[in-house]
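Hi everyone, thanks for coming along. Today I'd like to walk you through a structure step by step, so please have a look at it first.

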Amino acid sequence: MTKKSGKILCVDDEPNIVRSLQWLLQKEFEVFTANNGQCALALVQQHDFDVVISDQRMPIMTGVEVLREVRRLSPRTMRILLTGYSDMQAILRSINESEVFRFVNKPWNIAELPGLVAQAVNIARTRPAEEYSAELHEDTPLAAANDDRILVIDDDPDTQRAVAEIVGNTVRVSYTPNLAEAVNILNNEAVSVIVAETRVGSIDATRLVRLMKSRHPEIVTVMLSDDADADAVTTLINQGQIYRFVPKPVRQGYLRLVLNSALRKHNALTLDPQLTGRHAVEITPAEAAESLISDVHQVAVEVEAANPGRGGFLASIGAGLRRLFGS
Amino acid sequence: MQFKLVRYFTLASIGMFGLVAISLVYFEHQQGAFFKQTEEQQAAFFGEVQQSFARQQDESARRDLLTIHESGNVNLTRLFANALWARDFAPFVARAQAIDIHPCRAIADVDAGGKTVAPPEKKACFADVGKRIMALPGFDDIDAKVYDAMKKSTVFKIKVFDLRGVTIYSSEHEQIGDDKSANAGWRAAAHDGTPKSELTHRDTFSAFEGVVENRDLISSYLPVLEPGSSRVVGVFEVYSDVTPFLKQIEATSAQIRATALDNQAKVDAAARTNLAEVDAASNRQLATVAVLLSLLFVALLVIVRRADRIIRQQEKERQHSHQQLAQTEKMASLGQMVAGVAHQLNTPLAFSQNNVLMVKDALDSMVFPMKVANRMSSVLKTTTGDVVTLKVAQLRSNLARLEDGDVDVDMLQQMLGDVLEGIEQMSEMVVNLRDFTRLDRASVASADLNKSLHTVAYIAKSVIPHDILVVEEFHPLPEVECNASQLNQVFLNLINNAAQAIDGSGRITLRTEADGEQVRIEVEDTGRGIPPEVLPHIFDLYFTTKPAGQGTGLGLAIARDIVTQHGGEIRVDTRLGAGTTFIITLPIRQRAALAEAA
């Protein structure tokens, strides 16, 4: 018998699912099961789980609610949400409240799931748990360190205004409405928090975010968006481990809270780089990287055409991209 | 019923304009007639005035003529009397008195043709008297003197009467002896002493000179006064010729008349031209008004036609939008259902796939041990003894693989059992979907509504939140003639609404009951209830309490339409904070109408 490495809890109201998961994972791990949130939380309090896998759609207590409680009860435990149902609200909440590690769609890939669980177990055991911080309030002062910098990537002037109003002079802020500039800034400055729109101009900016996290895990990303797409959001978590997802229009008070929390998170990550391991990401496919590079190049060309004075911009972009993402 | 705007407008305006036109024409006509009448009256008046002037002129001319000549004659008589009476006439008259006329007078007048005339004997008697007078001495003398005095003058005849009325002398000798006592002129002169004159026309007249023809004469009866006194001693009758004067008068009159006629003609002509002008003017007016009215009509018609077109267009668009909206509603609810169904199917798919793959893997790992077992069987078959020697060196190196085969077959059996369950679940979904849409059935057929409701509830559970319990309280129902797929749509809509009314967890109860010739179906929820200000409107088309863009407001309206088409009723009971119940009653048998609509 192979050594059982990892204590897992599977939660689903559908008994067949729970049984299948158990059969799949019990070879490698010690698997516990629960049919509802109440039982699951009771078990969490009794045992010290490495990973909790929960289905979203359950009566009385949804998966998001369960995982939120798990985060509170046992911050060390890695949280995976099983989804088969594009409930946007639930997904956003699971990001923002439960800080989910991965979304797994039903039907799961039986070759990959055990590997994912193993990775999660590893992180749970080797990386320090994040302290469960007290809930921030909207008027808690911004916890900014001197060298913090917020990069805002959005072509919507309202976002700039909102961030400027919140931040004032406490933190340095860079604004850019296009991706090429963003690459430039990321190259030349140390950025703490990125606040980005999912689409900048007409370009999908999520690729930048996803690629960034694998190389620069200390950067905390907050995504804003007019229209939230379940698939995009799932990918952003799985590949980008974004910190928060805020649908537009954004309420000023809420954005303040989010920025504050993001800055604190960045602090925590810089203080203890081991923490970043908690936010390991899946590899972004190479096509995404290539298409991003070509799009940024395109934007750089346009910018250079508009501002002929910016000599060498294109060149610096090329170098910047390579540095940011490796080749 | 479509309001035929253009037609009504055309009829109404033609009627109105026609009325206006007719009244205008009538008034113009009245005015024209009045004007014409006025003109005619004026002309007539003018004519009368002229004629009266002319007449007056003529009359006064004649009167003047008469007066002048009478006074002339009076003078003449005086002169004559002065000259001749005392010496010549008076004795003659006295002699004539001796002749007795009474026997002649005694002869009675006879009535001839309504007039009293003297019979021939009387005339003969008086003629005889005349002869006797002419036989008196001194007659010829007088006669000659008279002729001398009067010839070549305008006095054409003289007669002398005595106070008895007898014609003592006349320049026409045949008249001597006539009795003129009845004559008004003689009477006036003799008795009253006033001259009397008269203007006459004689076709023939025996004058001094001889017989004349065609003369206008003034005859005056003149009293002869004894010279030096005012005693009437005799009567003269003098005929003076005024033909030329009269001709003059007549000529003047004729001229005046001609002028009058001329003026009249001018007035008439002027009146006619005025009338013509007025007519023309009024015709112009009418024509202008008519043209303006037609322009107005045409302009309005164009506007109305456009308006009508636009209205029809808008109506078409509205219908089109309505249809689109109904379609969107259907698609949205269909989309929701499809998503729910997809998710529902995902679960059995997930674990079935998982289990089958695991069983496959397990079977793979059983291949080697099976091979070994088979090898063992074949070895056993060929060996006769009870003891066999195995070379386990090679086998030892494959120990791991052998151990792999120690598969928990019970577990595999359970796995496959679960797979079968999963397949069962998926079939159930497929069956329910098929029952829900009922595409393979005729539109109107007999259906078991309990089964329909159960199907709908099953489908709905994939869509509505998991913590809402759906409870079925069915009583046995007879088969109902209906369009089952339409009713399914209604039930699904009600269950969806019920779920949306519930915040968090709650219960939806589906109740059915047979009630004579009808069935009753209730959908009850434990939601927040319908507020009283919303309640009257819930079945209204496009009415929704959801924010803009989320609800089409068509669901309940369509539901009511479907129920009404089935000859049924739908009503609602609600309590704020407690819940709502929708109650549908449907007849078991359909009238021809629904069957036809199928």
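Let me start with one term: two residues are in contact if their C-beta atoms, placed from the backbone, lie within 7 Å. Keep that in mind, and keep in mind too that this is a predicted model. The model scores ipTM 0.79 and pTM 0.59.

The largest nonpolar core has 96 residues, and Val296(A) is one of the four that touch the most other members, together with Ile8(A), Leu9(A) and Val51(A). Helix H10 of chain A, residues 252-271, gives this core its largest share, 7 residues. At least three residues come from each of two domains of chain A, domain 1 (7-126) and domain 2 (136-327). There is also a second, separate core, with 42 residues, and among them are Ile133(B), Val155(B), Ile158(B) and Leu246(B). As background, nonpolar side chains in soluble globular proteins tend to be buried together.

Let's stay with chain A for a moment. Chain A has 327 residues, of which 46% count as buried, and its secondary structure comes to 12 helices and 12 strands. If we take the contacts in chain A between residues at least 6 apart in sequence, 69% of them join residues at least 24 apart.

Now please find strand E8 of chain A, residues 193-197. Why can we call this strand largely enclosed by the rest of the structure? Because 5 of its 5 residues are buried. Val193(A), Val195(A) and Glu197(A) point one way from E8(A), while Ile194(A) and Ala196(A) point the other way, and all are buried.

What does E8(A) pair with? Strand E6 of chain A, residues 149-153, pairs with E8(A) in the parallel sense over 4 bridges, and Val152(A) has Val195(A) as its bridge partner there. Strand E11 of chain A, residues 220-225, is also paired with E8(A) in the parallel sense, this time over 5 bridges. In E11(A), Leu224(A) is the bridge partner of Glu197(A).

A helix to look at next is H3 of chain A, residues 63-73. Its buried residues are Gly63(A), Val64(A), Glu65(A), Val66(A), Leu67(A), Arg68(A) and Val70(A). And what covers the buried residues of H3(A)? The cover includes strands E1 (7-11), E3 (51-55) and E4 (78-83), along with helices H2 (37-46) and H4 (88-96), of chain A.

Over to chain B. This chain has 598 residues, and 24% of them count as buried. Its secondary structure comes to 13 helices and 14 strands. The mean pLDDT of chain B is 84, with 97% of its residues reaching 70 or more. Of the contacts in chain B with a separation of 6 or more, 72% are between residues 24 or more positions apart.

Finally, how do the two chains meet? Contacts link 19 residues of chain B with 17 residues of chain A. On the side of chain B that touches chain A, two elements give two or more residues: helix H6 (243-382) and helix H9 (409-437) of chain B. H6(B) supplies the largest share, 11 residues. Sorted by class, that side of chain B has 7 nonpolar, 9 polar and 3 charged residues.

Note on methods: Residues numbered from 1 in each chain as written. Chains lettered and ligands numbered in written order. Predicted model: local features only at pLDDT ≥ 70, side-chain atom pairs only at ≥ 80, totals over all residues. Nonpolar A, V, L, I, M, F, W, Y, C, P; charged D, E, K, R; others polar. pLDDT = per-residue confidence, 0-100. Buried ≥ 20, exposed ≤ 12 C-beta atoms within 10 Å, placed from the backbone. Pairing = 2+ DSSP bridges. Core = buried A, V, L, I, M, F, W, Y, C linked by C-beta atoms within 7 Å. Domains from an automatic or database assignment.
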